[in-house]
Amino acid sequence: MSDIVFRFGGEGGEGVISTGELFTTACARSGLEIYTFRSYPAEIKGGHAMIQVRVADVNILLSRGGTADVLVAFNKEAYDRHYKELRDGGVLVYDNTDFLPDEDTRTIKYPIPFNKIAMEDIGIRLTKNMVALGALSELFGIPQDKFKEICREKFGKKGEAVLQKNFLAIEAGVKYVQQNVKKADSLRVQPSGRQPRLVLSGNEALSLGALAAGLNVYAGYPITPASTILEFLARELPKTGGSLIQTEDEIAALGVVCGASFAGKKAMTATSGPGLSLMVEMLGLAAMTELPLVIVDAQRAGPSTGMPTKTEQSDLMMAIHGGHGEAPRIVLGLTSVEDCFYGMIRAFNMAEYYQTPVIVLTDQALAQREASIVKPDTSHLEILTRRLPTAADLADYQRYKITPDNISPMAIPGMPDGFYSATGIEHTEAGGLNYEPANHGKMIEKRWKKIEGVLKQPWITKNYGTPNPEVAIIGWGSEEGVIREAVENGNKEGMKLGAMHPKILWPFPTEAINTYLKGVKRVVVPELNYSGQFAKILKQNLQDRNIDVISMAKPGGIPWSPAEVLAQAKEASKHYV
Ligand code: COA
C-alpha cells in the first residue's frame, strides 16, 4: 500500500462516525499515517453522516485526499451522494439488503448484507457497523483483533454483553467475506512495522497546547464544534491544578476569563461564531484594560445557527474588526492538527507578552480532524508570562505606563504597592479616569502600537514550494495542508508554484507578504467563505497594485481539495506572460 482513501457514508445516528473512528485508530496502531474529515447533520439522529479516512505509509498526510479509493455505503443515500467521487477502478462495499447499485463496470463491487447479518445473526441492528468492520478487516488485511481491542476501549463502558455482541458482529463480517466474496482488487492496508502513530483531533491538540502553555482557568459555554475543548479540559485541567467553569452563556464566559486574567492567571475560552458575537462587547473591555487572554473561535457555517456541524472560514472579518471603538487584538490562524498544539502556545505567549486579547481561529474541519502527528517535543518550549513590576516600578506604580515598547508592567492584585484600578473608561497611565482628547489619543496609540511588535516574530508566515514562483498561493488557517499538497503536485509536474501561509492574520503581516510577492504577477487565494474575506484584506495591503489577486472562495461545508487548488493555479499560470 502507499496511500488509500476510505469513505464511509450512511444514516446519522446509526454508527457511521464510530466506524470511521475505529478504522482510523486501528490503522494508526498499525504504524500508518492517517488524516480524517467528517461531515454530519446537526441532528442527533437522522440525516446523512460521512467520514473520510486517508491512510498511508508515507511520511505525513497534508489533506483528506481527493476521490475515494474505497466507498463503504450503508444506504442508498450514501451511494447516491458519493459514488461519483469513487475513482474509476475503486471499490464499492455496500449493504445489498438496503439497495442495489447501478450495473456498471467502472468500479469493483462487494455486496455485503450488513443489516441482515446484524438483525438475524446478532439480533442488534446497531452492530451493522461492526459487521462492516469485520468485512473490511478480511477484505483489506487489518487484523480483526485490532478492531476488537479498540471496540473494547470505545464501547467497554456500555457493558460486557454489548461488547460480546459487537465481537460476534466483527466475526460475522469476516466470515461472510471468507465464504461469499472473491477479492478482485489489489488494495491492502499493510501494517508499516513502525511504532503506532500518535493520533489527535485538532481540538485535543489545541487543548493540550493550552495546558502546555500553562493554562490556569477555562470558562466556556458549549457550542459545536468547540464543545470538545470544554469536555477535554473539564477532564484534564483540574489534574494540573487549574479551574474550569461552564458558564450560563458566552458573555459570562469571557467575563470569568477577564476576571481570572486580572487576578494573574492564564485564562481562555473557546466558542464558535455566534458565541464570539456575544463576546465582542467584553472584548473591548479586555483590550481597554490590557488583559492577556485567549479566545478560540472554532468557525462553522453561518450566519446565526447556520450549519453548525459544517466547516467555514467566515469569521475572519469579525475576528479582526468585530467590536466598538477600535479595540486592538492579535488574531492567529491554526493551520494543522500539529499546529493546534504549538499555535496555542504562541497564542498564550503573545497574549501574556503584549497583554492583549488573542483570538485564535480554527474551524469544524480542523477541530474534528484526526491526524497522526509527531509527538510534540516539549523540552525546548519557550513559555512566556506577563511583565511584572520591579521594585522601582512599584515605588510610583503606573499600571498603563508608556514604555519604549508600550508594554506596561502589570501588577497582580495583592502585590504590595501594586494597587490600581482597571476600568473600561479611558484612563491615564496611572489608571485614573480621564476624558481629555489628548490623553485618549496617547493611550489608544499605546494600545495599538504595542501589538505591532508581534510582526517581528519569526513564525508569522511559512513558505512552501518554489522561492520565486510564477504563481503564488496564499491561504490561511486549516487550508494549509491542501495548498501545500497542491504546490508539491504542481511542482512535480514542472510548474513553478510557491505558497505563503500566514499564521498571523492581525496585525496583518503586510511587510512579509509584500516582500514574498516581489516579482509575482498572480496570487491565488483559496478560502472557505462566500465573499473572499482574506483576498479582500490582501488586496488592500498590496504595495504592487499590478499583482492580480484571484479569489478562490466558496462558502462552507467541504474544504477545497489539492486538485481543485492546483487546477486554479494552472489556470492562472496559463495567462502568465
Ligand atoms: N455498539 C454500541 N453502540 C454503538 C455502536 C455499536 N456497534 N455503534 C454506534 N454506537 C453508538 C455510539 O457510541 C453513539 O452513542 P453515544 O451517542 O452514546 O456516543 C451512537 O451510537 C451514534 O453513533 P456515532 O457513530 O457516534 O455517530 P453516527 O455516525 O451515527 O452519527 C451524529 C451521529 C454524530 C451525526 C450525531 O450523534 C451528532 O452528534 N450530531 C451532531 C449534533 C450537534 O453537534 N448539533 C449541533 C448543535 S448546534
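In which loop does P225 lie? P225 sits in the loop between β8 (217-220) and α8 (227-236). Helices (H or I, at least four residues) and strands (E, at least two) are DSSP runs, numbered from the N terminus. The model is predicted: local features need pLDDT of at least 70, side-chain atom pairs count only at pLDDT 80 or more, and totals for chains, interfaces and linings use all residues. Residues are numbered from 1 along each chain as its sequence is written, and side-chain values use heavy atoms, with hydrogens and water left out.

The peptide bond between T224 and P225 is cis, with omega about 0°. Another cis peptide bond joins G302 and P303, with omega about 5°. P303 is placed in the loop between β11 (293-299) and α11. S304 is also found in the loop between β11 and α11. Phi of S304 is positive, near 55°. Most residues other than glycine have a negative phi, and most peptide bonds are trans.

The protein chain is assigned domain 1 (3-180), domain 2 (200-373), domain 3 (391-454) and domain 4 (461-574). These bounds come from an automatic or database domain assignment. The C-alpha centres of domain 2 and domain 4 are 26 Å apart. In contact (heavy atoms within 4.5 Å) are 27 residues of domain 2 and 22 residues of domain 4. The two domains bury about 2000 Å² between them, 60% of it on carbon and sulfur atoms. Buried area is the accessible area (1.4 Å probe) that two parts lose on being put together, summed over both. Q313, L316 and T335 supply 34% of the area that domain 2 buries against domain 4, more than any other three residues.

Domain 2 and domain 4 share 1 salt bridge, defined as a side-chain nitrogen of Lys or Arg within 4 Å of a carboxyl oxygen of Asp or Glu. K503 forms a salt bridge with D339, and the closest N and O atoms are 3.1 Å apart. Elements giving two or more residues to the side of domain 2 that touches domain 4 include α11 (316-321) and α12 (337-354).
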